[in-house]
Amino acid sequence: MDSIKAPEFWPNDPELWFITLESQFLLNKPSPITNDDTKFSYLISLLPPSTAIKVRESIMSPPPDNKYDALKKAIIKCTADSEFKKLQQLLTQEELGDRLPSQLLRHLRQLIGESKAVSDTKLKMLWMQRLPKNIQIILTTQEQASLNSLADLADRVTEITSSPSSSTSTLEKELASLRAEISAMKIDINKKEERIPRSRSRSSSSSRKSSPNSYRKYNPNGSWCWYHFRFKHHARKCISPCTFNKKAKNQQENSNNNQ
């Protein structure tokens, strides 16, 4: 006696459902089910009416061979078409309307179901596109927040904006505070980016100031080299022409004569 224990049809993931069904065919006792007509009949008996109607032609007029495989392909195709229509509705027809942002998000998730065609990133993008611009601006500042956290924040902003005019000032204050925070972050980033180039500029400038050529302008007569102008008697180098040593020699001679 057959012992098929296949689960109810999964319209959101028919490929996985068929794997489960076919594993039951192999595990059937007393022997695996391999006959095409038997598998075809089992498959028809397991389909919900809404799906059977969509593949009516494949059920009523099956091919002479490989009837099970032909019906399987028809079922996968029709459910894929249904999924595409859901996604199309998701992309073109759903708007926020009178719903809260979190309610719209839940509705979009219901439309997607368990489909893997739309990732959380795509869902976030589709959902945010349907929100008012002022809410979108606020949400874009919360890059690390989860989608559920963003929905809660969007609900709070919606409640504030839909409250009496006395609450409008509160929202304006919050937005002003947020703008100030963003501006401060931009200034901090700019400072960090400019820190290294500026230090290099200061180093270069300092180097230019400490060069012999730059110091010559402080020696109007040009009679002393930079080293003697800077270090006087402690200079260990001398650049010709330089009269410092000559002056020092004259001073020494005058001193000797005076003695």
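Glutamate 22 is partly exposed, at 25% relative accessibility (buried means under 20% relative accessible area, exposed over 50%, partly exposed in between, with a 1.4 Å probe and protein chains only). The model is predicted: local features need pLDDT of at least 70, side-chain atom pairs count only at pLDDT 80 or more, and totals for chains, interfaces and linings use all residues. Residues are numbered from 1 along each chain as its sequence is written, and side-chain values use heavy atoms, leaving out hydrogens and water.

Glutamate 22 forms a salt bridge with lysine 72, with 2.9 Å between the closest N and O atoms (a salt bridge is a side-chain nitrogen of Lys or Arg within 4 Å of a carboxyl oxygen of Asp or Glu). Lysine 72 belongs to helix α5 (residues 67-92) and glutamate 22 to helix α1 (residues 14-27), so the pair ties together parts that are 50 residues apart in sequence. Helices are DSSP runs of H or I with at least four residues, numbered from the N terminus. Lysine 72 is partly exposed, with a relative accessible area of 22%.

## The second salt bridge

The structure holds two salt bridges. Another pairing joins the side chains of aspartate 37 and lysine 67, at 2.5 Å from N to O. Aspartate 37 lies in helix α2 and lysine 67 in helix α5, so this pair links parts that are 30 residues apart in sequence. Aspartate 37 is partly exposed at 41% relative accessibility, whereas lysine 67 is buried, with a relative accessible area of 17%.

## Helix α2

Helix α2 covers residues 36-46, and its residues Lys39, Phe40 and Leu43 are buried. These residues cover an arc of only 100 degrees around the axis, which puts them on the same side of α2; the arc is that of the directions from the helix axis to the C-beta atoms. An α-helix has 3.6 residues a turn, so residues three or four places apart point the same way.

Asparagine 35 caps the N-terminal end of α2, with a side-chain oxygen 3.0 Å from the backbone nitrogen of aspartate 37.

Glutamine 142 sits in the loop between α8 (133-139) and α9. At 33% relative accessibility, glutamine 142 is partly exposed. Leaving aside neighbours within four places in sequence, glutamine 142 is in contact with Leu150 and Leu153 (contact means heavy atoms within 4.5 Å). The C-alpha atoms of glutamine 142 and leucine 153 are 9.7 Å apart, and the two residues are eleven residues apart along the chain.

Methods
Helices (H or I, at least four residues) and strands (E, at least two) are DSSP runs, numbered from the N terminus. A polar contact is a pair of N or O atoms within 3.5 Å; within protein, one must be able to donate a hydrogen and the other to accept it, and residues adjacent in sequence count only if both atoms are side-chain atoms.
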